[in-house]
Amino acid sequence: MPEEAFVDEPPLPHTVAALTAGRNVTIVAIGGASTRGRAVGDQALAWRARLAAALAHRFPRATVTAVNRGVPRQTAADMVARFKRDVLAEKPDLVVWE
């Protein structure tokens, strides 16, 4: 994506520093069916896998792991109920809640 697409995005200084330093970065994606990857038919094509691949390409010294915690047809309350077990237990550097 072009740089100008990120003008209004938060800077995420800790994540950027970890990527730039070549550290291991764990991203946990929590959400519904699109996070899970059902719409594209293959989890490797889901947005969170593509995000991890793009970051690994841009920051080749870093190891980027994208953990998929998408569960179709859940409410926000359902997701909050499993946050500790499914998200925080991974000790993520970044959480994307779609």
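**Exercise 1.** In this predicted model, determine which residues form the largest nonpolar core.

*Solution.* The largest nonpolar core holds ten residues: Ala 18, Leu 19, Val 25, Ile 27, Ala 52, Leu 55, Phe 59, Ala 62, Val 64 and Leu 94. Next, consider the elements: α1 (13-20), β1 (24-31) and α3 (47-58) each give two or more residues to this core. Another core, of six residues, lies apart from it and includes Val 28, Met 79, Phe 83 and Val 87.

**Exercise 2.** Describe the open sheet: state the order of its strands and identify the edge strands.

*Solution.* The open sheet has three strands in the order β2-β1-β3, with parallel pairing. The edge strands are β2 (63-70) and β3, since each pairs on one side only. From one strand to the next, the twist averages 20 degrees. Turning to one pairing, β1 and β3 are joined in the parallel sense over four bridges. Ile 27 has Leu 94 in β3 as its bridge partner. Finally, helix α3 packs on the sheet and touches β1, β2 and β3; its direction makes about 170 degrees with that of β2.

**Exercise 3.** Classify the pair formed by the rings of Phe 83 and Trp 97 as stacked, edge-to-face or tilted.

*Solution.* The count of aromatic pairs comes to one. The ring centres of Phe 83 and Trp 97 are 5.3 Å apart, and their planes stand at 45 degrees. Stacked planes are under 30 degrees apart and edge-to-face planes over 60; the pair is therefore tilted. Phe 83 belongs to helix α5 (residues 83-86) and Trp 97 to strand β3 (residues 94-97), so the pair ties together parts 14 residues apart in sequence.

Definitions and conventions:
Residues are numbered from 1 along each chain as its sequence is written. This is a predicted model: local features need pLDDT of at least 70, side-chain atom pairs count only at pLDDT 80 or more; totals for chains, interfaces and linings use all residues. Side-chain values use heavy atoms; hydrogens and water are left out. A nonpolar core is a set of buried Ala, Val, Leu, Ile, Met, Phe, Trp, Tyr and Cys residues joined through side-chain atoms within 4.5 Å. Buried means under 20% relative accessible area, exposed over 50%, partly exposed in between (1.4 Å probe, protein chains only). Rings of Phe, Tyr and Trp (its six-membered ring) pair if their centres lie within 6.5 Å; planes under 30 degrees apart count as stacked, over 60 as edge-to-face and the rest as tilted. Two strands pair if DSSP finds at least two bridges between them. Axes are lines fitted to C-alpha atoms, for helices over the stretch in contact, and angles run from 0 to 180 degrees between N-to-C directions. Contact means heavy atoms within 4.5 Å.
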